[in-house]
Amino acid sequence: MRNSPPSAPLVTQVAFAAAVTDPDRAVPAGLAAWNGGVPERRFAVYRNNVTVSLMEALGARYPAVRAIVGADFFAAMARLYVAAHPPRSPLMMVYGEDFADFLAGFEPAESLPYLPDIARLEAARSRAYHAADAAPLDPAGLAGLSPEAIAALRLAPHPAFALIRSVHPVVTIWAMNEGEREPGPIEPWEGEDALVTRPHLDVAVHRLPPGAGAFIAALAEGAPLRDAAGHGLAAAPEFDLSAALALVLASGAFTGAIDD
Amino acid sequence: MISSSLPRGPGVGFKPEHFAAIAAAPQPVGFFEVHAENYMGAGGPPHAQLGRLRADYALSIHGVGLSIGSMQPLDREHLSRLRALCERYQPESFSEHLAWSSHDSVFLNDLLPLPYTPATLHHVAGHIDLVQETLGRQMLLENPATYLTFAQSTLEETDFLAELVRRTGCGLLLDINNVFVAATNHHLDARAYLARFPLTAVREIHLSGHSETVDDQGAPLLIDSHDTPVKDPVWALYEEVIARTGPIATLIEWDNDVPEWPVLRAEAEAAGALLAHAARHEQAA
């Protein structure tokens with residue numbers, strides 16, 4: 001069977017779509033203005049709307065990355081990202097999911113090796129903002145459990161839960177660039193793990209104490225509490241199980257026990 | 001099919017930063033409008049706020065991502081999301097644009113223009129039929145702000161819209177700022193455009209601001225920027241329209257450089273005063 005040739009209006013849209021996303025292409029034939037000539041500036045309005053609106057959507061999702069590199073650097077970087085990674089969905093809330101990976105390979109920003117992890121933290125925050133609502137685990141429900149039952153407890157992560165583990169002080173850097181914390185020298189410069197939660201309507205970012213990242217990562221993968229505690233201790237000898245458990249419960253990171 | 005049924009008063013495009021001010025007291029608006037795509041996440045503050053607004057006001061869900069004017073098939077997944085959103089919130093109105101915004105699965109995030117020909121008319125009518133069938137409701141279609149035209153167009157925009165209404169039973173969302181912007185950009189008379197516009201199908205009006213630049217020849221080129229108060233010539237056209245039609249649900253749209261809530265509320269009250277005047281006039285006639 002022979003395919004029928006594309007209709008004239010479809011040909012027009014193909015050419016329009018190609019040129020509107022590529023400033024090096026000529027204005028497509030067949031576009032007109034009342035006063036004649038090639039409507040360069042008129043077509044540029046659409047080009048600008050498409051690219052700048054996507055750059056702004058990216059900036060809205062990654063405000064700390066933008067604050068760190070500055071508005072001009074961010075705009076130049078976002079323009080390249082938009083050209084290489086146009087959205088595949090009309091939902092701007094999910095645009096830029098892979099921005100952290102793009103940053104990791106972006107040579108002009110390689111002097112800021114923590115930038116991709118900042119982006120991962122910001123992406124997790126926006127996912128948490130839109131995540132499904134769910135009641136967090138009620139600590140009172142654990143009160144009557146035997147020590148054996150507590151040790152065997154496995155927990156289900158809340159839909160908004162995310163854990164960002166970094167060799168850089170990501171939570172501190174993020175907080176300083178989002179006005180959550182006074183900017184200043186970061187001493188000592190060491191890795192930080194971030195727990196992102198949204199137990200009700202407010203997204204929270206918790207900087208985790210030593211070992212808690214490994215502990216929570218194991219819990220989130222479905223490990224029983226006693227095994228997760230082992231992971232915490234293995235990661236950091238000073239791991240404080242009761243403090244980590246208190247944080248897990250208070251932060252709303254989990255919704256309840258997983259029944260076997 | 002559920003008909004579009006917004007109250008014939010003023011409304012405002014909802015911005016989350018205004019939520020606390022809006023929720024603090026009853027507001028002099030009959031409805032709020034939201035962009036559908038901002039409420040397609042699973043949960044969180046957007047749905048909490050929309051649920052609260054919806055309890056107190058009529059609701060208009062306004063899509064900006066369906067790409068009804070595309071010559072390619074509609075995105076069924078997106079259509080399903082729209083259906084779920086309409087089922088959840090039961091809005092008084094659902095509207096979209098005579099424009100396209102996706103191509104080959106790339107989303108271009110702008111309302112792009114299309115030529116007006118019998119072939120594009122046939123295609124767009126098919127898309128509207130599918131939307132109305134899927135949602136089980138009448139949709140409103142908005143006239144676009146455009147910056148250029150197509151050599152291949154053979155139909156006037158107003159005739160194109162009128163024929164879509166006739167074929168599909170859709171209603172229209174008359175954006176008077178878009179009329180003023182497009183008329184200026186194409187060196188046409190906005191009043192002549194409105195005289196040809198199928199006003200009896202209009203169920204909602206949009207009012208917003210625009211910015212000004214020039215084209216390649218130095219002629220005025222207006223940009224539909226939604227970042228200022230409604231401008232005087234747009235208010236003047238609005239008064240003329242509602243003098244002919246009687247009151248119609250009227251939305252103040254302000255999407256960029258969004259001011260504090262009282263500024264938007266004052267714009268809505270200004271529209272409300274003109275609507276009240278049109279209502280008195282209608283009763284007297």
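Ala, Val, Leu, Ile, Met, Phe, Trp, Tyr, Cys and Pro count as nonpolar, Asp, Glu, Lys and Arg as charged, and the others, Gly among them, as polar. This is a predicted model, in which local features need pLDDT of at least 70 and side-chain atom pairs count only at pLDDT 80 or more, while totals for chains, interfaces and linings use all residues. Residues are numbered from 1 along each chain as its sequence is written, chains are lettered from A in the order in which they are written, and side-chain values use heavy atoms, with hydrogens and water left out.

**Exercise 1. Describe the second largest pocket and its lining.**

Step 1. A pocket is an open set of points on a 1 Å grid over the protein atoms alone, where a 1.4 Å probe fits, with protein on both sides within 12 Å along at least five of seven lines; lining residues have an atom within 4 Å of a point.

Step 2. The lining holds 23 residues, and those nearest the centre are B:Thr149, B:Glu156, B:Glu157, B:His186 and B:Leu188. Two or more lining residues come from each of β8 (149–150), α5 (157–168), α6 (176–185) and α7 (190–196) of chain B. These elements are DSSP runs: helices are H or I with at least four residues, strands E with at least two, numbered from the N terminus.

Step 3. By class, the lining has 14 nonpolar, 5 polar and 4 charged residues.

**Exercise 2. Describe the interface of chain A and chain B.**

Step 1. With contact taken as heavy atoms within 4.5 Å, 45 residues of chain A touch 53 residues of chain B.

Step 2. Buried area is the accessible area (1.4 Å probe) that two parts lose on being put together, summed over both. For chain A and chain B this is about 4100 Å², with 62% on carbon and sulfur atoms. On the chain A side, A:Gln13, A:Arg42 and A:Tyr46 lose the most area, together 18% of what that side buries.

Step 3. A salt bridge needs a side-chain nitrogen of Lys or Arg within 4 Å of a carboxyl oxygen of Asp or Glu. The two chains have 1 salt bridge between them. A:Arg42 pairs with B:Asp215 in a salt bridge, with 3.0 Å between the closest N and O atoms.
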